[in-house]
Amino acid sequence: MLKINFGAFFSRFYSSYTKTSPLNNKKIVLYGDEASPPVRFVLMTASVLDIKIDYHEIDIFIGKQKSEFYKNINPLQKVPALLVQNQVICDSHAICLYLCKLSGDEKLYPSEISIRARIDEMLFFNSGTLFPIDSTIFTDYFAGKWPVNEAKLDMLNFSLDYIESRLNKNSWLAGDEISLADMCLMSTITSVYQIVRRSEKHKKVNEWLKKCEMLPFYEINRRGLERLLKFVEMKKHPYI
Ligand SMILES: N[C@@H](CCC(=O)N[C@@H](CS)C(=O)NCC(=O)O)C(=O)O
């Protein structure tokens, strides 16, 4: 049975990434495309931390990440990239950790080292395992290599089994409180579920996603998913 204290969640997490905050004497620019899960992860983190950022769209569906303008910002030609004064940070995990440290706000990344270790574990898991699977499935989808290769689906299911096992122990991925880990993996999983059918087997994952959907920052994820779906639907491959 899913029990959520909505009042506490809403007061704790409601904010908008257009709001101003005392730490914003620094000019922070985020380059991204909301269809991208790592970009949504950064936007949601900034929103929860109440950090004002200037958002600059790099439309990856028309190849803007390969433009000379953007290559000068991120030679890797990937979104997101964060520009803070003269420094560029080029990976969503690094960016979100930076924003947590910059804000001094511990709600998404508490200083207690064993909690940090659990959050880091999930961020590295996303970076090294889950997101590359999501990325390869989407690359195949947009290249018309569909239905998805079974071996890739197995890899995805293996990762979801692992996430399910984490959620069997705790209500959130790194413990009893929502953290960067949840925002990061939620943006990846909800993306892949735009083209791969949700498995009934992963009950805890599905419950956890429902809890995420009820939080105010999820609006950012929803908006990005709508944009992603627009391009998914243009391809019209059957839903797997
Ligand atoms: N590990 C990076 C991954 C960034 C990434 O792969 N972004 C994709 C969009 S989801 C991208 O920019 N793709 C454009 C391309 O490969 O040309 C992060 O977390 O920021």
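Predicted model: local features only at pLDDT ≥ 70, side-chain atom pairs only at ≥ 80, totals over all residues.
## Backbone and packing briefing

Residues are numbered from 1 along each chain as its sequence is written.

- Asp50 is not a glycine, yet its phi is positive at about 60°, and the residue sits in the loop between helix 2 and strand 2 (54-57); helices (H or I, at least four residues) and strands (E, at least two) are DSSP runs numbered from the N terminus.
- Gln85, in the loop between strand 3 and strand 4 (87-89), also has a positive phi, near 50°, and is exposed because 8 other C-beta atoms lie within 10 Å.
- Val79 and Pro80 are joined by a cis peptide bond with omega of about 5°, and Pro80 belongs to the loop between helix 3 (68-73) and strand 3 (81-84).
- A cis peptide bond with omega near 5° also runs from Trp146 to Pro147, the latter lying in the loop between helix 5 and helix 6.

**Helix 5**

- The 30 residues of helix 5 (residues 113-142) should span 44 Å at 1.5 Å a residue, which agrees with the 41 Å between its end C-alpha atoms; the expected span is 1.5 Å times one less than the number of residues.
- Helix 5 bends by about 45° at Asn126, the bend being the angle between axes fitted to the seven residues ending there and the seven starting there.
- Asn126 is among the buried residues of helix 5, which also include Ile119, Met122 and Phe138.
- Just after helix 5, Gly144 adopts a positive phi of about 80°.

**Surroundings of Ser179**

- Ser179, in the loop between helix 6 (150-169) and helix 7 (180-192), counts as buried because it has 24 C-beta neighbours inside 10 Å.
- Leaving aside residues up to four places away in sequence, Ser179 touches Leu108, Tyr109, Ile119, Trp172, Leu173 and Ala174, a contact meaning that two C-beta atoms, placed from the backbone, lie within 7 Å.
- The C-alpha atoms of Ser179 and Ile115 are separated by 9.5 Å, although the two residues are 64 residues apart along the chain.

Notes:
Buried ≥ 20, exposed ≤ 12 C-beta atoms within 10 Å, placed from the backbone.
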